[in-house]
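Hi,

Here is the structure I promised to pass on to you. Have a look at it first, and then read on for what turned up in it.

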Amino acid sequence: MKTIEERLAVVNSILGASDMLMTKPLKAGTCHNRVIEGCCTSYEFQIDNLSYRGIWISTIEDIQLTVDGEETPKSNLQFFCNGVGYSIADMVTHTENFWGARDAGIVRVYKVGGLSKGDHEFKIVIKKRADFGHAYGEGVQGYDGAFEFHTPMVIEDSCVYTIE
Amino acid sequence: MGKVKHSITLYGFGEPYMRGEYTFEDVLQKAKRLNADGIEIVAPQMVPGHPNPSEDWIAYFKDCCQKFELDPVCYSVYIDSGKHKGRFLNFDERFAETINEMEVAKKLGCKIVRSQDALLPTTMEKLLPYVEELGLHLAIELHGPWSPSTPVFQEYYELFERKNSDAIGVVPDFSAFCSGAPETVLNAFPDDCCHKDILMKINKLYASTEIPEEDLVKMILAEGGDEVDVLLCKKRIFSIPRDSHMGAIYYRTQPDYEGFRNMMRHAKYVHGKFFYVNEDLECQGIDYPKYVQIMKEVGFNGYIASEYEGNHFDNTISDEVQIARHMQMLEKLW
């Protein structure tokens with residue numbers, strides 16, 4: 001049997017994995033530069049749904065993206081769902097858009113020239129409130145006690161995307 | 001198929017469906033192959049365009065049910081209290097959104113609409129004439145970590161007694177009636193990272209005795225276990241806090257059998273939640289023999305949904321084999 005430290009590391013890594021996510025947020029093979037008439041203003045990739053069911057995009061409180069060790073300015077990010085794009089900070093106000101379980105969720109990153117050919121390391125941190133819970137009340141009444149909606153879940157993922 | 005009316009909640013196939021490995025028709029085909037009589041669909045999981053699916057999809061769903069000869073038993077909907085940052089849904093939103101969901105359920109041919117306790121009894125009372133108009137049964141799921149004695153369910157019972165209507169009720173889910181963890185609880189952990197023999201013994205003791213947790217921890221150490229086993233025990237075998245997040249399983253050595261019996265007076269549908277059924281058709285941690293006995297005694301004749309959630313513990317186990325075993329277990333016990 002391995003040492004206690006080695007075994008604790010294994011156990012903690014398994015315990016730390018979210019058991020409600022049925023998918024891996026950074027969807028493999030989806031990253032590409034957007035080329036318009038030979039010009040490139042941005043690149044895009046897809047994230048898979050963040051629950052065992054579809055979610056309201058208003059429950060996404062933040063998306064932080066780091067590419068090749070450099071954090072992408074929030075003002076250069078947009079999230080697209082059902083054909084509509086939103087700035088990250090604005091997503092919480094859009095309670096009309098339901099991101100279906102198998103609908104594409106697209107993150108667009110504005111960057112002149114896009115990404116260079118080859119491998120790029122991506123890290124993403126998404127903060128998300130629960131869509132539903134046991135806490136209840138009328139409007140704001142009793143909301144202070146609804147702990148499941150006050151502390152967003154932190155979802156992290158990393159991968160290498162290859163630009164052909 | 002047999003003595004029990006079997007429903008399969010398609011949620012049990014949710015993980016491969018979400019990953020795009022199963023199409024919707026694959027999922028229905030699997031339910032049919034397992035000899036289900038009917039199905040339950042989790043609306044925000046498998047209904048494209050939810051909460052307002054197209055008429056084309058509705059027609060497709062009905063064609064599929066006809067093709068596979070599956071009764072669309074239950075439409076599962078939610079009260080998405082987290083939708084608006086800084087507030088719950090208000091009464092008017094819960095009321096109108098539930099009517100919308102019920103109208104979709106009606107179009108799909110589902111007879112039961114399963115909602116959540118955050119709907120609240122006052123909203124359900126105002127919805128009652130609309131449920132009756134649509135000829136549906138609107139039911140609140142009792143899910144772990146809640147139990148029959150949780151205050152909001154007492155308020156629901158008061159409403160059911162006062163209205164005495166078949167149109168409203170509850171869906172008991174066995175996550176609210178677990179005594180302990182399934183035998184697969186440690187499957188995700190490699191054998192050489194803990195003392196599984198000791199932990200599985202503790203698992204059985206935790207589910208069947210009132211030995212305090214601190215004494216069970218001492219027992220682990222006395223039998224040769226160490227801090228890794230204690231950590232695993234606290235995280236996976238001992239129950240989560242009673243006020244934990246929705247959907248968590250709260251283990252009770254003595255689940256509320258009488259609460260289950262009383263609840264069955266208002267139940268037309270039961271969520272046969274399970275995490276693992278072994279080759280001997282036993283389901284450790286959920287006392288199916290006792291619950292089936294109670295259901296028989298109260299004359300329950302509704303559907304029992306086989307609701308497989310074992311993928312949380314081990315996603316290498318065949319969902320189809322598990323659902324088949326669960327249905328066989330119910331037939332054997334009934």
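One term before the findings: a polar contact is a pair of N or O atoms within 3.5 Å, and within protein one of the two must be able to donate a hydrogen and the other to accept it. Residues adjacent in sequence count only if both atoms are side-chain atoms. Please also keep in mind that this is a predicted model.

With that term in hand, let's start where the two chains meet. Between chain A and chain B there are 23 residue pairs in polar contact, both residues being at pLDDT 80 or more. Which elements of chain A supply at least two residues each to the side that touches chain B? They are α1 (4-16) and α2 (147-150). Of these, α1(A) gives the most, with eight residues. Sorted by class, this side of chain A holds 23 nonpolar, 14 polar and nine charged residues.

The contact as a whole draws on 46 residues from chain A and 60 residues from chain B. About 4500 Å² of area is buried between chain A and chain B, and carbon and sulfur atoms give 64% of that. There are also five salt bridges between chain A and chain B.

Now to chain A by itself. Two helices and 11 strands make up its elements, and from the N terminus on they run α-β-β-β-β-β-β-β-β-β-β-α-β. Taken along the principal axes, the C-alpha atoms of chain A fill a box of roughly 55 × 55 × 25 Å.

One part of chain A that I'd like to walk you through is an open sheet. Five strands form this sheet in the order β1-β2-β9-β6-β7, with antiparallel pairing. Why is one side of β1 (32-36) and of β7 (84-87) left without a neighbour in the sheet? Both stand at the edges and each has a single partner strand, so there is no neighbour on one side. On average, neighbouring strands of this sheet are turned by 35° against each other, direction ignored.

β1(A) and β2(A) pair in the antiparallel sense over five bridges, and I36(A) stands opposite C39(A) in β2(A). These two strands form a hairpin with two residues between them, and E37(A) in the turn has a positive phi of about 50°. Further along the sheet, β2 (residues 39-47) and β9 (residues 105-110) of chain A are antiparallel partners over six bridges. There, Q46(A) stands opposite I106(A) in β9(A).

Finally, some backbone details in chain B. As background, most residues other than glycine have a negative phi, and most peptide bonds are trans. Where are the exceptions?

- The peptide bond from H50(B) to P51(B) is cis, with omega near 5°; P51(B) lies in the loop between α3 (43-46) and α4 (55-67) of chain B.
- G144(B) and P145(B) are joined by a cis peptide bond with omega about 0°, and P145(B) sits in the loop between β5 (137-142) and α7 (151-163) of chain B.
- N35(B) is not a glycine, yet has a positive phi of about 70°; this residue is in the loop between α2 (24-33) and β2 (38-42) of chain B.

Enjoy exploring!

Best wishes

Definitions and conventions. Residues numbered from 1 in each chain as written. Chains lettered and ligands numbered in written order. Heavy atoms only, no water. Contact = heavy atoms within 4.5 Å. Buried area = accessible area lost by both parts, 1.4 Å probe. Salt bridge = Lys/Arg side-chain N within 4 Å of Asp/Glu carboxyl O. Helix = DSSP H or I, 4+ residues; strand = E, 2+ residues; numbered from the N terminus. Nonpolar A, V, L, I, M, F, W, Y, C, P; charged D, E, K, R; others polar. Pairing = 2+ DSSP bridges. Axes fitted to C-alpha atoms, helices over the stretch in contact; angles between N-to-C directions.
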